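Please walk through this structure with the sequence at hand.

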Amino acid sequence: MLQYTIRRVLLIFPTFFLISLLIFVVLNVAPGRPGAGAGGGGGEQAGQAEQESYRIFKEQFNLDKPIALNLRHLTDLAEVAAWVDAVRAAPGAVPPAARIDAQERLEDYGLVLVPHLLVLLEDADPERQRAAAAWLAVAGQQRFQNDRRGDVVAAREANRAIAAANQEIKGWTWTAAAPAAEVEQKRAAWRAWAAAAPDRLEWTPAERVEMSLLDTRFAKYWQNLLLLDFGVSNIDRRPVLDTLLSKMKYSLSLGTLAVVIAYIVAVPLGIFSAVKQGTTADLVTTIGVFVLYSLPSFFVGTVLLRIFTEGDPLALFPTGDFETLSAGPMTTAERLGDIAWHLVLPVVTYTTGALATLSRYARTGVIDVIRADYIRTARAKGLSEPVVILKHALRNGMIPILTLLGSLLPTLVAGSTVIEVIFNIPGMGQHLYNAINLRDYNAVMAVLLASSVLSLLGILLSDLSYALVDPRISLD
Amino acid sequence: MRQSGQSTLLFISLGLLTTINVINSWQIDHLERLAIEDSARLAAIEAQLRAGVPVSGAATTTAAGPAARSAQEAEALADPKNLLRAPTRPRVRAAQVSPGRTLRMQIGQDPQGLNPLIAKGADVNEYSTYFNAFMATRDIGEPERWVPDLAVKVTTDDDLRYRIELRKGVHWHRPAVDWASGRYDWAKGPGPDDRQPFTAHDVVFTLDAIRNTQTAGRVSDLRTYFEPVVAYRAVDDHTLEIQFKEKAYTNRSALFEMPIIPRFLFSVDEDGKPFDAATWGLKLNEHWYNQKAIGTGPLQFVSWEPGVKMEFARDPHYFGEPVAYDRLLMSVVKDQNAWPRKLKAGELDFIYLQPEQFKTEILDDKDGVLLDNPAIKRADFSLFNYFYVGWNADRPKFADKRVRKAMTLSFNRAGVLEKVLYNQGALTSGPFPQQTPCYDKSVQPLPFDLEAAKALLTEAGWTDTDGDGVRDKVIDGQRVPFTFTLITFGSSSEYETIASTWREDLLQIGVQMQPLPLEWSAMLKKMDERDFDAFTGAWVTTWEADLMQLWHSAEADKPKSGNRIGFRNAEADRIAEALRLEFDEAKRVELCHAFHRLVAEEQPYTFFYQRERTVLYWEHLNALEFLQIPPHRDVRLFSFNQPASP
């Protein structure tokens with residue numbers, strides 16, 4: 001048992017790693033990019049997307065790095081020259097797509113471009129020299145260190161030096177009309193800058209391998225993850241973990257209530273069906289729960305809202321929300337009552353869907369054991385039918401449905417997007433939906449990773465609980 | 001026997017425990033209630049104490065009339081050189097002020113933040129007009145007139161160097177922080193309620209932030225307008241000088257409508273320590289106060305719980321006319337279908353109606369009673385936007401204006417507007433809002449006329465030579481059929497209907513169109529790369545006409561520019577440049593009209609319609625009034641016709 005548990009726990013880590021890689025890649029290759037704005041429906045506002053500021057934004061969120069494999073150090077001089085020429089080409093000479101692509105590469109590649117740009121700086125064409133210097137001022141920029149965690153003071157000190165250095169090299173560009181002396185002086189400055197730290201521009205094979213695997217978005221993400229840093233949202237710039245935790249209370253209250261009530265209703269229903277197996281009563285119950293199961297939650301929710309909230313015919317419940325928004329201060333008891341009153345309809349909606357699965361599990365569980373020898377023995381020794389069912393059959397018949405609890409763990413926390421949107425409950429489901437729409441990668445990752453961890457733990461728990469409640473099952 | 005005795009004892013003690021617990025909870029509940037009542041009483045006393053100043057203050061301002069909110073303003077407005085002029089009428093009528101009322105509205109989603117310099121989006125821009133004041137604002141009655149706000153006097157001799165005199169005695173709202181903790185004592189100032197004064201240094205700080213390339217968000221759009229700024233300085237606490245490099249009409253609105261943030265709060269971290277000069281721009285992007293709002297406007301920020309609600313309260317120390325109610329509650333309701341339900345249930349005071357809801361609630365409503373409740377009323381207003389179809393002028397097919405005109409003639413815009421968009425708007429023929437003088441009313445939208453379209457296509461050399469029902473033409477030695485792809489905004493189903501209707505009509509004149517619905521980001525990529533024949537689009541416009549970004553040929557060659565269709569026209573360039581430099585209203589209108597006629601002739605876009613919006617509201621609100629200019633909805637104009645809360 002212990003050995004099995006250890007093996008299973010260890011297996012969680014590679015599984016989690018693969019899950020995170022999968023989600024990360026899918027998320028990052030999906031069309032659209034963060035910070036590009038929503039637009040569309042109601043109309044967009046005319047305005048220029050500003051290059052410099054967007055480049056800094058990309059750098060901050062590692063969006064300038066390749067997703068999982070970085071082969072940029074293989075870039076050769078001809079490629080770089082072609083990009084530089086594409087960006088500075090006359091209008092119409094280069095297709096816009098190629099121009100945008102070249103521009104983005106020159107912005108994103110950073111230091112690996114520097115050796116090639118230094119070669120272009122010595123080119124015979126003065127215009128090419130000028131373009132090379134302009135791109136050197138971008139590619140040669142150093143990145144700011146993270147001064148939010150670790151040695152904050154040292155990081156700030158370093159950032160001040162980095163800012164000064166970046167500011168200095170930004171000045172080493174010139175306009176087309178610049179006098180020859182100025183151009184020569186600035187080119188000399190670049191040469192001196194390159195000579196000052198030559199090792200920074202040359203990479204050993206080992207460094208190249210490291211760069212390929214570790215200088216990527218995914219690796220950077222994991223480096224932060226290992227320090228339990230889920231990053232900040234690129235929408236509101238708050239740590240995504242804080243937001244996530246603040247949403248959890250809503251989904252957790254709704255989910256827990258719904259699951260508890262679903263069990264309270266489904267288990268007796270399942271036993272009833274099992275005892276009356278094959279009768280009309282069983283048939284009616286079965287059809288009933290399957291009809292409920294087949295009704296999508298958005299439909300059930302809307303119908304309930306239509307009937308019970310609009311005052312036409314009934315106005316028994318509020319039209320959504322987690323609690324009354326405009327109310328004054330309330331005592332704890334009043335507040336709990338208020339929340340309960342708001343949660344009636346969402347919980348009912350939640351439950352109708354879960355009812356079928358749970359009651360079927362309960363039914364099968366009881367039917368499985370009801371024919372067992374020991375039940376026949378119990379009946380034979382003259383015990384009444386309720387005692388036989390409730391005391392003897394139930395104990396073993398409920399094993400599958402109890403172990404199912406483990407796998408419900410993630411749904412408790414992850415919430416239901418549909419129900420949360422319809423009933424305007426600001427939980428995790430709604431949060432995930434918004435984050436996806438806004439391409440808030442860090443927020444989406446955090447929610448999905450949290451629910452993957454819970455899924456993995458839930459599966460582990462349900463496997464272990466099998467062995468715990470049923471001595472016949474041995475896992476070793 | 002012994003066993004049963006034990007269990008009886010157990011039950012009795014359990015019962016006792018439960019009873020004690022119930023009594024205990026009841027007592028705690030009672031105590032809580034008492035505490036709440038006490039604090040309510042205290043708050044009422046405090047409010048009364050404070051009310052002594054602002055209520056009488058408000059009364060005197062209204063008595064003196066809106067034109068002279070202070071002696072300083074009156075004196076400034078008397079100066080003939082002042083670019084700012086007295087407002088034509090006040091925003092709020094004093095008679096309508098109803099204490100104790102809360103205005104409740106819905107918002108479809110949370111804003112990205114509440115720092116108007118960082119957070120992007122039309123919603124933040126609108127909310128910032130509630131809690132913020134600007135240098136100057138456009139008058140409600142005559143939007144071309146600038147009226148004083150934070151600035152009382154703006155003068156210039158050459159339209160390059162502006163001298164601005166700021167209003168005296170203005171204070172920033174009190175930051176919404178936990179003052180009791182003592183952590184924020186550094187933020188206390190000398191003003192009423194420990195407020196910090198608003199000075200010219202705040203404006204300078206804001207300009208620094210705008211021009212710092214590390215800052216990102218809305219500020220990167222603003223930066224375009226402030227790039228031509230050469231110098232700016234605070235002469236003293238209430239005087240500011242700013243110098244532009246080039247003369248441009250847009251400089252004024254950029255300056256007047258710039259959101260201003262306080263230096264005392266945004267230059268420091270949460271413990272009041274100033275940021276490093278090297279990275280302060282990055283720090284501003286993720287500043288600890290960005291999720292809260294601060295300003296000098298009529299409503300001050302109370303709280304924001306993302307996904308739940310945002311609350312504002314009337315600022316008793318606001319320098320202008322106070323709003324007519326005490327609180328503003330914006331609840332976040334993401335499901336648009338819930339809006340009418342919440343209005344009907346009395347949880348909201350007014351809502352926007354979506355187009356589909358417009359059909360179900362208004363067009364299909366036989367008895368004419370909105371939401372089956374006679375106390376619910378309706379108001380409509382026109383938005384500053386226009387919908388269009390853009391033609392790629394770099395594609396040989398659409399380089400010919402006769403072809404573009406034929407496309408417009410073959411698009412049954414009036415029919416689509418009626419059948420698909422339920423007449424929620426008006427057909428338009430040019431790039432200006434129809435309410436502005438720039439729109440030339442003599443230019444009618446082209447009719448729907450398939451015969452005329454056929455004639456134009458034939459004239460342009462497109463004929464069906466091979467008899468397959470599709471017109472063709474020899475281009476560069478090759479015979480090409482007239483087929484094209486129309487990229488449509490895929491996240492909205494109405495476009496699908498529109499495209500298929502048009503497709504049928506185009507087939508009749510021998511043109512094959514293939515609709516391609518794309519999600520916005522995919523669509524934007526195609527447009528940035530100029531990889532399209534035609535697309536559906538919409539622009540949000542402003543009162544002030546500026547043609548450079550969308551229509552100047554210099555923009556046509558820039559990747560990712562607004563001139564995606566590659567429109568190049570020497571006359572258009574001339575008008576766009578002249579309009580930037582023209583300050584005389586009458587001459588500006590002339591230029592606009594000339595441009596309107598030019599695009600009507602050239603048809604670079606097929607202009608479609610300008611959208612309208614419908615609002616439903618309870619009759620306990622006075623008839624709703626909307627601004628002519630964006631953001632149109634201005635909750636400062638709303639008021640109740642019953643004094644007390646229901």
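Predicted model: local features only at pLDDT ≥ 70, side-chain atom pairs only at ≥ 80, totals over all residues.

Two strands count as paired if DSSP finds at least two bridges between them. In strand S7 (residues 239-244) of chain B, B:Thr239 is the bridge partner of B:Glu165. Strand S7 of chain B and S5(B) run antiparallel and are joined by 5 bridges.

S5(B) also pairs with another strand. Strand S4 (residues 151-156) of chain B and strand S5 (residues 161-166) of chain B are antiparallel, again with 5 bridges. One position to look up is B:Thr155, which stands opposite B:Arg163 in S5(B). S4(B) and S5(B) form a hairpin, and 4 residues lie between the two strands. In the turn, B:Asp159 has a positive phi of about 60 degrees.

Now step back to chain B as a whole. How is chain B divided into domains? Domain 1 is made of the segments 68-86, 107-176 and 192-300, while domain 2 covers 385-611. The C-alpha centres of these two domains of chain B are 37 Å apart. Where the domains meet, 9 residues of domain 1 of chain B are in contact with 8 residues of domain 2 of chain B. The domain 1 side of this contact has 3 nonpolar, 2 polar and 4 charged residues.

The next step is the contact between the chains. Here 58 residues of chain A are in contact with 62 residues of chain B. On the chain A side, the elements that give two or more residues include strand S1 (44-45), helix H2 (51-60), helix H4 (96-108) and helix H18 (417-422) of chain A. H14 of chain A is also among them. The largest share comes from H7(A), with 5 residues. By class, the side of chain A that touches chain B has 24 nonpolar, 22 polar and 12 charged residues.

Last, look at a helix pair within chain A. Helix H14 (residues 332-370) of chain A and helix H17 (residues 399-414) of chain A have axes that come within 8 Å of each other. These axes cross at roughly 145 degrees. Which residues of H14(A) and H17(A) meet? From H14(A) they are A:Leu358, A:Tyr361, A:Ala362 and A:Gly365, and from H17(A) they are A:Ile399, A:Pro400, A:Ile401 and A:Leu404. By class, this contact of H14(A) with H17(A) has 7 nonpolar residues, 1 polar residue and no charged residues.

Conventions
Residues numbered from 1 in each chain as written. Chains lettered and ligands numbered in written order. Axes fitted to C-alpha atoms, helices over the stretch in contact; angles between N-to-C directions. Contact = placed C-beta atoms within 7 Å. Nonpolar A, V, L, I, M, F, W, Y, C, P; charged D, E, K, R; others polar. Domains from an automatic or database assignment.
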